[in-house]
Structures are given as C-alpha cells and as structure tokens.
Amino acid sequence: MAAGVLRLDAEHILRPVRLGDGAALSRAYLANREHLAPWEPIRSEAFFAVASQEQHAQQCVEDAAAGRSVRFVIESDDGEIRGRMNLNNIVRGAFWSADLGYWIDASRLRRGLASRAVGEIAGYARDELRLHRLQAATLLHNLGSQRVLLGNGFERIGLAPKYLLIAGEWQDHLLFQRLLEVPLSSPREGP
C-alpha cells in the first residue's frame with residue numbers, strides 16, 4: 001500500500017522517498033556528515049554522491065513496492081530533506097513486524113520533530129501496513145532517541161551486545177519494541 005504525505009508541523013512533512021530525491025539526500029547527508037558519524041556505519045565518499053543517493057532512492061522505491069521496507073524523508077517547506085524515518089525488514093507470516101530507524105538534521109534537534117514523526121510512522125505501520133510490532137535499537141548513550149521511543153509507547157526489551165557495526169566498532173544497543181495494537185496512553189518512564 002502506498003504511503004501518503006503527512007504534515008508534521010507548520011514547516012515539515014513526512015513522505016516516502018521517491019525517484020529524484022538523490023540530490024536532496026546527498027545535500028542532507030553532506031550537511032549532517034559529522035552529526036551522524038557517531039550513530040551510523042562508516043560511510044565512503046561515494047555514499048555522499050548524488051548518483052549514489054539516487055541509486056538508494058531507486059532501491060527504496062523498489063523495496064516499498066515489494067513490501068520489504070518503506071523509507072521516508074522529513075522534508076521542510078523549502079524542499080530540503082531534514083531527516084529520515086525508515087521501516088526496514090518488514091516481515092509478515094507469524095511475525096508481522098518491522099525495524100524502525102531514523103535521524104533528524106542537526107539544525108532541527110530538540111523541536112519534537114523526531115517524536116511527531118515516530119508517532120506518525122507507528123500509526124502508519126499499524127493502520128496501513130497492519131503490522132503487529134515495531135522494533136528499534138539505540139546505542140546505550142543515545143538518551144535522546146531513547147526518550148523519543150519511550151514517549152511514543154515503546155518499551156525497553158533488552159540489551160544486544162555488539163549488535164551493529166557503528167562508527168567502525170561493533171557496539172552494544174538497547175532494544176525497544178512497541179506492540180501496535182496496544183493504545184498509547186501516557187509516555188513511558190524515561191531512560
């Protein structure tokens with residue numbers, strides 16, 4: 001099922017990655033290169049090129065059509081990409097689950113943008129994809145992301161030692177989940 005455009009606030013929308021996003025994705029990743037480096041895999045120079053990002057956009061469109069993932073951008077009214085929200089590894093069968101990943105532009109932090117976008121993604125995963133569960137993982141010291149998840153009804157379910165290769169090292173992550181049938185009542189206790 002195709003995802004639509006969702007208004008996050010007066011300045012930002014959440015929409016699926018589409019063909020032609022390569023240049024804007026390249027600018028966003030270049031502008032946030034230092035900001036994202038501690039939280040992501042080591043990126044080659046080629047990753048930041050427009051051609052590479054356009055190939056990524058093509059893969060996003062193909063993956064969404066095949067039901068493997070749905071990847072979104074947070075776009076400001078000036079047409080620039082200010083973040084990403086991704087539902088990866090969508091699994092049906094007995095699992096009906098996906099992995100949530102996201103980042104926000106360094107210039108847009110502490111405005112509630114991530115919290116609103118995660119809430120919209122959770123609603124989309126429940127209502128449009130009919131998923132049962134979302135999982136997310138954060139580095140142990142990523143308290144901001146942990147607060148975003150807890151505030152959106154995720155609960156901590158464990159510790160995964162050496163879970164992902166981030167910034168050149170296998171790093172431990174805290175695992176969170178949200179069962180999507182459970183209504184969000186009040187924000188969970190902070191980290």
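Visitor: Let's start with Q53: buried or exposed?

Guide: Buried means under 20% relative accessible area, exposed over 50%, and partly exposed in between, using a 1.4 Å probe and protein chains only. Q53 has a relative accessible area of 1%, so it counts as buried. Before we go on, this is a predicted model: local features need pLDDT of at least 70 and side-chain atom pairs pLDDT 80 or more, while totals for chains, interfaces and linings use all residues. Residues are numbered from 1 along each chain as its sequence is written, and side-chain values use heavy atoms, leaving out hydrogens and water.

Visitor: Where is Q53 found, and what is it in contact with?

Guide: Look in helix 3, residues 50-66. Helices (H or I, at least four residues) and strands (E, at least two) are DSSP runs, numbered from the N terminus. Contact means heavy atoms within 4.5 Å. Setting aside neighbours within four places in sequence, Q53 contacts G22, L25, S26, Y29 and F47.

Visitor: How do I read a nonpolar core?

Guide: In soluble globular proteins, nonpolar side chains tend to be buried together. A core here is a set of buried Ala, Val, Leu, Ile, Met, Phe, Trp, Tyr and Cys residues joined through side-chain atoms within 4.5 Å. The largest one holds 31 residues, and M85, L87, L100 and L134 have the most contacts inside it. Helix 4 gives the most to this core, with 8 residues. A second, separate core has 13 residues, among them A24, F47, C60 and I81.

Visitor: What does L134 touch?

Guide: Not counting residues up to four places away in sequence, L134 touches L87, A98, A122, A125, F154, F176, Q177, R178 and L180.

Visitor: Which residues of helix 4 are buried?

Guide: They are L113, A114, A117, V118, I121, A122, G123, Y124 and A125.

Visitor: What do the buried residues of helix 5 pack against?

Guide: In helix 5, S145, Q146, V148, L149 and L150 are buried. They pack against strand 5, helix 4, strand 6, strand 7 and strand 8.

Visitor: What about phi?

Guide: Most residues other than glycine have a negative phi. W96 isn't a glycine, yet its phi is positive, about 45°. You'll find W96 in the loop between strand 4 and strand 5, and its 34% relative accessibility makes it partly exposed. K162, also not a glycine, has a positive phi near 45°. K162 sits in strand 7 and, at 59% relative accessibility, counts as exposed. Just after helix 5, G153 has a positive phi of about 85°.

Visitor: And what is the volume of the largest pocket?

Guide: About 1,400 Å³. On a 1 Å grid over the protein atoms alone, a pocket is an open set of points where a 1.4 Å probe fits, with protein on both sides within 12 Å along at least five of seven lines; lining residues have an atom within 4 Å of a point. Points are joined across faces, edges and corners, and the volume is the space filled by probe spheres set on them. Of the 44 lining residues, W39, G101, Y102, W103 and A137 are the closest to the pocket's centre. Strand 5 gives the largest share of the lining, 6 residues.
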